[in-house]
Amino acid sequence: MPRRQNHKLCIREKCHQARYELQSHRGVQPAAVMEELPSTSSHLEDNSQSSSATVSNSTFQGSSEAPSTTSTFSTTSDTTSDEEDTSQDEEDSRSSDVSSSTENTYSDTLNSMTSLLEEFLLHKYKMKQPIMKEDMLMIIHPKYHNRFAEILKTASEHIEAVFAVDLKEVDSTIHSYDLVSKLNLPNNGRVWDGRGLPKTGLLMTVLGVIFVKGNCAAEEDIWKFLNMMRVYAGRKHFIYGEPRKLITKDFVTMKYLEYRQVANSDPPCYEFLWGPRAHVETSKMKVLEFLAKVNDTVPGAFSSQYEEALRDEEERARATVPARPGTTLTSRHVPWPGPAASPTPTEDQDF
């Protein structure tokens, strides 16, 4: 067998191995579970009911009109014309069905190739291997090579919304790419040494919940939300390992989160805040944009949080403007907390 075909089969086999990982995590992300996210379904339902009522009312009014007094006579030519119209309608209907079926098949094929490419990209990330355009084209049927840019864009957006990593071109001359963590977590988002999938998505989600909850979230609220993602404290997760340790110890040690006891709570209750490193490496707007992608909406859907994020952006912009001579510029600058070190896992981990 030619070397190129062997290479192609090898790539497809690696994609198959990664399929379970991505499909499992797809079922993890909730579509719109933030209580603060305005639901558009009620508006759509109201509009639908309003439209239905309008149509029904119009039909009723039309049916209540007085019948026409004009006499109508049936003729042979009229009958023939009706039959021809019926035949033409049936033919048009069949053509429409065939066209619709073809479009659905084409769309399904594109979705399948997008899913396969997502799995391939994640496999390359997990194995710490370069992502080459040449290899990606082998995943896609030659018939759809002209849609490569579109397929790659969709696949990378899906991965970004789940794992909080961006697809970036590393070398334009050889068309090599890499998935880069949105935050400077150790080992490019893997947190622990070795291979594995990114943990950045979990951290961005926790930061988002903290922000939406008023910049301070009770531990109970954090786990309530994560449970919707099928992430449970004390239960080993195939991507995140033991989530409680990752959130309350590792992310806290790296200063992305602050975990503290609520004052005068008995029994003790705990809450989360953004740590100093989170303030430096990301912003409320970036976290809100990530939440919006997870929920398939826009940042403005979080109305009050969006306004706060805009104010935060303005403050950051003012803080970066050099002060004119004779003036003093005040800002809420957060000092750089230093490089984050990889936490030492309690056991051999490869998530």
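## Helix pair α6 and α7

Angles under 35 degrees count as roughly parallel, over 145 as roughly antiparallel, 65 to 115 as roughly perpendicular, and the rest as oblique. In this predicted model, helix α6 spans residues 200-212 and helix α7 spans residues 219-228. They pack at an angle of about 130°, with axes 10 Å apart. The pair is therefore oblique. The crossing of α6 and α7 is right-handed.

On the α6 side, the contact uses Leu202, Thr205, Val206, Val209 and Ile210. They meet Ile222, Phe225 and Leu226 of α7. By class, this contact has seven nonpolar residues, one polar and no charged.

## Nonpolar core

In soluble globular proteins, nonpolar side chains tend to be buried together. Here the largest nonpolar core holds 64 residues. Leu117, Leu121, Met136, Leu226, Ile247, Phe251 and Leu257 touch the most other members. Helix α6 gives this core its largest share, nine residues.

Take Phe251. Leaving out residues up to four places away in sequence, Phe251 touches Leu185, Val191, Lys199, Leu202, Leu203, Leu246, Tyr256 and Leu257.

## Helix α10

Helix α10, residues 284-294, is mostly covered. Eight of its eleven residues are buried. These are Lys284, Met285, Val287, Leu288, Phe290, Leu291, Ala292 and Val294.

The buried residues of α10 pack against α5 (148-163), α6, β6 (270-274) and α11 (303-320). Just after α10, Asp296 takes a positive phi of about 55°.

Definitions and conventions:
Residues numbered from 1 in each chain as written. Predicted model: local features only at pLDDT ≥ 70, side-chain atom pairs only at ≥ 80, totals over all residues. Heavy atoms only, no water. Axes fitted to C-alpha atoms, helices over the stretch in contact; angles between N-to-C directions. Helix = DSSP H or I, 4+ residues; strand = E, 2+ residues; numbered from the N terminus. Left-handed = near helix turned anticlockwise from the far one by under 90°. Contact = heavy atoms within 4.5 Å. Nonpolar A, V, L, I, M, F, W, Y, C, P; charged D, E, K, R; others polar. Core = buried A, V, L, I, M, F, W, Y, C linked by side-chain atoms within 4.5 Å. Buried < 20%, exposed > 50% of the residue type's maximum accessible area, 1.4 Å probe, protein only.
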